Structure formats: C-alpha cells, structure tokens
Amino acid sequence: MTANSILGSFYLNLLCFVVAIVLIFFHGHCFPFEEQRRNLYNPFTVSSFSYSKTELKPYDWRYIRVDVPPWFSSMSIALDTDVDLDPESIKKVPTSRLPMICLREGSPPLPDVYNTSLTGFVLDPISNGSFGDVHGLQNAELCYPLLKHTFMVLTNEQIPPGVWYWGLFNGIGPMRTQSKMINRGPVYSFRGNVSVEGCATPMMLGQYCNQTVDPLSCADSYNLTEDLSDTKSYNQTAENVVFCRSSDGSSCHGDNEPKIYSLDVVGVAEQLTITMQNVRSNEITSSIVTGTGSGFTFVCYARHGAIPLANLHDYSTNISENPLVIRSPKIGRWYISVHLVNLANAIGAVEDVNVKVCYSLDWAVLQCPENKAGLKCTWERYMLQTVLRKNPSDPFEAYYLPITEKVLSDSANFPLDALLSNSSYEGDLDVSWTYFLLDIPFGAAGGNLHIRLTSDVKMNYEIYAKYGGLPSLDSWDYYYANTTSSSNGSMFFKLYDSNDEMVSLYILYVRGGTWSFGLRHMHLNPSESSSKNQTTMSISLERCPRKCSSHGLCHSVVDASGLTLYSYCYCDRNHGGFDCSVEIVSHRGHIWQSICLIASNAAAVLPAYWSLHQKAFAEWVLFMSSGISSGLYHACDVGTWCPLPFHVLQFMDFWLSFMAVVSTFIYLADIDEVSKRTIHTIVAIITALMAETGPTRWQVIKGWLHNLIKKLVKRFRWGFLLAALTALAMAAISWTLESSESYWIWHSVWHVSIYTSSFLFLYSKANAVDGDDDGGRPDRNYVLTRQNSLLRGE
C-alpha cells in the first residue's frame, strides 16, 4: 500500500510537471498567435484629420474631402457647433437660413442647383441610421440639419471606398452666390475630426474586420479560355472573353453562412457573367429532393465597391438556376455574396440540415478589342485625349479630342459624322451606338463637364453618360433623348439652350475618373454618311458653367483638405444661383431700389436748410456733403453711375454721414468753440479708423452713440426733441431690420429717418437765455478740416 502511494505520488508529480511544461509552451507560442489573430481582426486608424474652429457667415459654406481606401472598415465624423436648434424650431427655419450638412460621393455637394425643391434634404436629425440606404450618391446627395453635436460612423457595408465630400452650409438658395450690400444673419462656427479606420489585410472586411473575403482571380491552370461555349453565344473569339474558375475549384459552406467574394474588373468591359457549377453535398442522403438537381437554392448578390446585403445591392439572382449577368459593369472591384437557402429542409425532405454544400464559381468577362464596343464588338469606341487650355488663371480647364486619324481638328469642336458606327445592334433594328471615353482628373472634381452638339439639320442623336462603364438603355447616369425627355431637373445635370439643331448640357461638379458617353443614332447608309450635313461635337471641362451667364465672376478655391480645387460663381446684385442665371431682382425692381436708395438722401436738405438758416455753415456743409456722397455711393453701388472709385464713395458715405450725426449733437451742446473743434478732430480720426476696420459694424456705432447722447444739454424744445428721438429710434429699428432681401427698403427708411432726426434735433435746441452760466450762444461759424480715409460698407 505504501509503495502504491509513493508510485501514485510520483505519477501525480510527473503529470503536474508535464502540464506545466505544456502551459509554458502554449503561453510562449500559442498566445502570440492569438494576439496576432486579434490584431488581424481589429481595425487600425488609416487617417485622421482635425479641423480647428471655423466660422460660417450667412450664406457661407465649407467642403471637407475624405479619401477612403479599398481596405477601409469605417469612416467617422465628429462635429461640435454652436447651432442651437431643436427639431421643432428646425421645421420653422427657412432653408435660406438653415445650417445643414451634406454628403456626396466623388465630388462636392451642391444642394441648391434647382430652387424648385431641395432634393435630397432630410428634415430628421442626422444619425448612423440615416445612411442605411445610401445608394448611388455620385449622382445625388443627402442633406441634414446641422446639430450642436454630431457623431456618425459609416461602415463599408453602407458606403463604398473612394473620395467622399462633406459640405457644411449656413443657408442655401439662389442668394448664396449673390453679391450683397450687406450680409447679415446668424453666424455659426464648427470644429471637428474625421477619421478613417481600415483592416490589416484586404482579405478581411466589415466594420470590425471580421468578414472573410475570397478573391476571384484567374490562375494559369484555371484559365478556361479554351471553353468557347459562352463566346460562341456572343459570336466572339477567345481573345475577347476572359473565362475563369475559382482557384481552389470549390467553395463549401453551410446553411445561413454567406460567402463573400471579390472580383476586379480592369478596363472597360461589355459584360460580366457569373455561373455556379458542380453543386454537390459533402453528405449524400437518399432523401434529397432534386428540384434543381441538388435540393438547394443559392441567391447571389453583387455590388460595386461595397459588400452587398440582402436589402442593399446592385444586382441579384437565383444563381443555382440562372447565371448572374451584369451588362457594362463598372471598372473597379465588385463584391459577390452567395447565400445558401435550404429549400429541401423547408419541405421536410432532408434529414441532416447541417450538411455542407460545395460548388465552383465560373465567371466570364467580355472585353472588346481596342476602339470597339458592344456585345458583338462591332460599334465604334474612341478614347479622347485631354488638351489643356493655355490660361493659368483657369486651372484644370481643358477640352477633349478623339485619338483617331478619321478626323483632324485643332479646335475644341470636332466633326462627328465620320466617327459614327455603321452597324446595328440586331438585324431588325436600324440603331447604332458610338462611344467616347475620357478621364477627369481627381483634383478637378469641382469643375463642370460641358457637352455640346450642333448640326445644320434636325439631329437624331440620343446622349447617354455613365461613370466607370459604357452606358446603355438600361444603365446610365444622365441622358438626353430630345427637348422633352432628358435628365434635366435631376441633381448635377443642367440643360441649356437646346433645340432640334443644338444640344448644350452640363454635368455639374463632375466626378473624377473615367466617363463614357454613348451616342444612340440611326444606322447610316453610305449615301447619308457622305451628305454635306455637318454635325460637330465638343466636350470640355470648365470651371464655371456658361461663364456665370455673364452676370458674375468665376472664383476658384481649395477645399479644407487642400486636395481639390472647386469653382463657384460670384454673381452681381441682381442675379444668383450656381450659374448666376436666377434673376433675384427684376429690372423694374432694380429701378425702384435705385430710386429709393438714391432719392431718400434728399432728406438731407432738411437739416442742411436749418443749419444754413442758423448760419451754422459747417453743419450745412456736412449735411449737404453727406447727402450728396451717399446718393453717389448708392448710384454707383446699384450700377447707375460711378463718378469716383467705389471704395472712395463708400468711405465718403460712411464718414460724412457719421460726422453729420456727431456734429448734430455737438451743435446741441453748450460748450465753447475750442471744445467743439477738439471733439470734431477726435471724431474725424476715430471714424476714419472705424471705416478702415469695418464701417458698418453696428456694435461700434451703437457704443459711440451711447456716449454722444450723454452730451445733450438740458434746454430743448421737448416736442421736437421727442420727435427727433422717435425718428432716431426709427433709424435704429430700420438698421436692425436690414437683411440681404430687404436692404433697399429699410436703408431708404434709414436715410429719411436719420436726416429727419438731425433736422429735429437741430430745431429742438432753445435760444440761449441771458444770465446762463454757459456764457451765451457760441459762434457756429467754424470750418472742419477734411480727413482722407477709406471705405464704408453699408
């Protein structure tokens, strides 16, 4: 018994020693692998940008560019603003005053292209769920009210990789680009951070990098170009079709276990076809119902640039019965998700529902030879070369010409008839397509692409545009069929001056990358192609559409990231809109505004007459000069007549009107001549400094008026004094009520009120009484020294 106890103790100690060695081994070797595995699944920060406090003045905006790589997992944005609007008050604020945030893929958002409605605007507060159904934001955008605190995380299941733009707007509408005499309204500020998280390997995707993606590539041993079963159906040769099979030969997964694949389409392709072959089970049972030969159904989802979901995808099909066919697939990475549906289990005919199902995926990419297009590769396709315009003040401006010997053109317009395809799509349809491809620089996403066709006779062309692939009747981004059927009215598409002989259209803030334009036209007979009728085409990249309609100037600035140059129109006082084509002030309204702003200065005659009557010649000069200079300034401002440079008239208007108001109160004060001269000199210097730093800052003027009112003397004609104070209050009220829309009427009221109040203040002072301690009435005959300064901006 003792020996057995000793032996058992020995074996127990030996067992503990072995366990300790095993634990030490796994701790030193297995745990690092687990740590590496966890690091493989954990996302890391690809980029992070912080933006310091930035102010948004009324009708101001900022763009933020974010580059999202293909292996990203999520993009997050955090914004802190001083916007204090609750959901109820947001509904009451007009869009012209509402701060908002917009998101668009590929190029900057432009929410006010059309003033009929705010397409894409969502009144609900922004959140992560707001972008659950984001789809095709290169042709649209989403806008939300700007909140005090905003934090969002967008995953690679919601948005594809590429270039994304956030836009922050303090009010939108046609007046956003209108030049204004004044620009008053709430000023908001924001600061924020934008971060992009990524996965350590492109084989793992998802917000948490926990979804495995199997790449579909053509291994040499699996290139099945010798199998011409599909190419014969397309009437093609093997050189035009890349026919491949998954490199491992088979994929297996269980029920409710989707498999995700990635496939890269390099270059322009006509068609992508994915088929499923050799569907089989790893456990053969005698009770399998073979409705489709296997008893299982596979649903295939495809999406360009992002992981497809059952409720968010580009294409889908029951791939166990029919192949997935994608006509004119976009260039780039496609994601394929295969979901297994156990139909046999649903009818109770399979005993083991955990069976693994294996299959092989075959795919064929149809690519035509160079300069050819179409399923039969019989249509013409031309690559356009970029010709930069020799104007350093307009960067990224260029026009495009076809690379071919069929036409020779040194100008932006090239003849079209010699380039058209002469073969139809089907034998019974006399229709052909001709394609033109071009590349837009990614830094020029803030430019506008202009397409123009002109002909001597009625044109029978339909224009289709698509980003990243060839357009067709079933797949396009923008189109123009005729004057009554086009994409006009949709976001970022604008049609100008189009009729039967001319078509002129713009793609606004065009996305950087490859664009394709397809012309659908009737098949030309040789006799028709030799006709003398000439049709010319031009494609150009312009900074501002239609050169701001000749009603403004084109300005170019860089976004907050410094990577994209975008342009906008700075319109005149009567026009607005992104292209200055919206008439905000009519011709008749302009005349009435001009009359009110200029003629209202005639009220300066009242105080000038009283000053002359009292022989206060200095005040008379001030009031007359103030009225005349203000009238000339507003005449120049509205575009009537500019006898002097605008900034000189602007300064004279502010300086003389303020000096006239101050002189009124100095006149009312019972002080000696020396004090008056001293006060006038000090005020002249201070007003000149105010004109230099900001002539229309009411806060500064209000402070000076408060100090000047204290200098009023005790002896007045109180009725006139109260009337003067009322007129002055009216002037102050009209000043505060001025806005960009009502400036002309309230500023005219201000003219009348301020001059009327000066007249009443002058008349309200009673005559001096003998025996007063103030030494009698001072002499008002003194001369002011002229001060030269700068401008006033009312």
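The entries below follow the order in which I looked things up.

**Ground rules.** I am working with a predicted model, in which local features need pLDDT of at least 70 and side-chain atom pairs count only at pLDDT 80 or more, while totals for chains, interfaces and linings use all residues. Residues are numbered from 1 along each chain as its sequence is written, and side-chain values use heavy atoms, with hydrogens and water left out.

**Disulfides.** I began with the cysteines, counting as a disulfide a pair of cysteine sulfur atoms within 2.5 Å. A disulfide is a covalent bond between the sulfur atoms of two cysteines. How many disulfides does a search of the whole structure find? The search returns 7, and I noted three of these links in detail.

Cys-368 is joined to Cys-377, with an S to S distance of 2.0 Å. For burial I used relative accessible area with a 1.4 Å probe and protein chains only, where buried means under 20%, exposed over 50%, and partly exposed in between. On that scale Cys-368 counts as buried at 9% relative accessibility, and Cys-377 counts as buried at 11%.

Cys-548 is joined to Cys-569 at an S to S distance of 2.1 Å, and with -95° about the S-S bond this link is left-handed. The pair connects distant parts of the chain, 21 residues apart, with Cys-548 in the loop between β32 (535-542) and β33 (552-558) and Cys-569 in strand β34 (residues 565-571). Here and below, helices (H or I, at least four residues) and strands (E, at least two) are DSSP runs, numbered from the N terminus.

Cys-571 is joined to Cys-580, S to S 2.0 Å. Because the torsion about the S-S bond is about -90°, I recorded this disulfide as left-handed, and both Cys-571 and Cys-580 are buried. I looked up Cys-300 as well, and this residue counts as buried at 0% relative accessibility.

**Aromatic pairs.** Next I turned to rings of Phe, Tyr and Trp (its six-membered ring), which pair if their centres lie within 6.5 Å; planes under 30 degrees apart count as stacked, over 60 as edge-to-face and the rest as tilted. The structure holds 20 aromatic pairs. One of them is the edge-to-face pair of Tyr-467 and Trp-515, at 5.5 Å centre to centre and 70° between the planes. Tyr-467 lies in strand β26 (residues 462-467) and Trp-515 in strand β31 (residues 513-522), so that distant parts of the chain, 48 residues apart, are linked. Both Tyr-467 and Trp-515 are buried.

The rings of Tyr-496 and Tyr-506 have centres 5.5 Å apart and planes at 90°, so this pair is edge-to-face. Tyr-496 belongs to strand β29 (residues 493-496) and Tyr-506 to strand β30 (residues 502-507), and the pair therefore ties together parts that are 10 residues apart in sequence. Tyr-496 and Tyr-506 are both buried. I also found a cluster in which ring pairs link Trp-379, Trp-433, Tyr-435, Tyr-464, Trp-476 and Tyr-479.

**Asp-500.** Where does Asp-500 lie? I placed Asp-500 in the loop between β29 and β30, and with a relative accessible area of 37% this residue is partly exposed. Contact, for which I required heavy atoms within 4.5 Å, joins Asp-500 to Val-457, Lys-458 and Met-459, leaving aside neighbours within four places in sequence. The C-alpha atoms of Asp-500 and Asn-460 are separated by 8.4 Å, although these residues are 40 residues apart along the chain.

**Thr-664.** I found Thr-664 in helix α9 (residues 646-668), buried with a relative accessible area of 1%. Not counting residues up to four places away in sequence, Thr-664 touches Phe-623, Ser-758, Phe-761 and Leu-762.

**Trp-620.** My last entry concerns Trp-620, which lies in helix α8 and counts as partly exposed at 32% relative accessibility.
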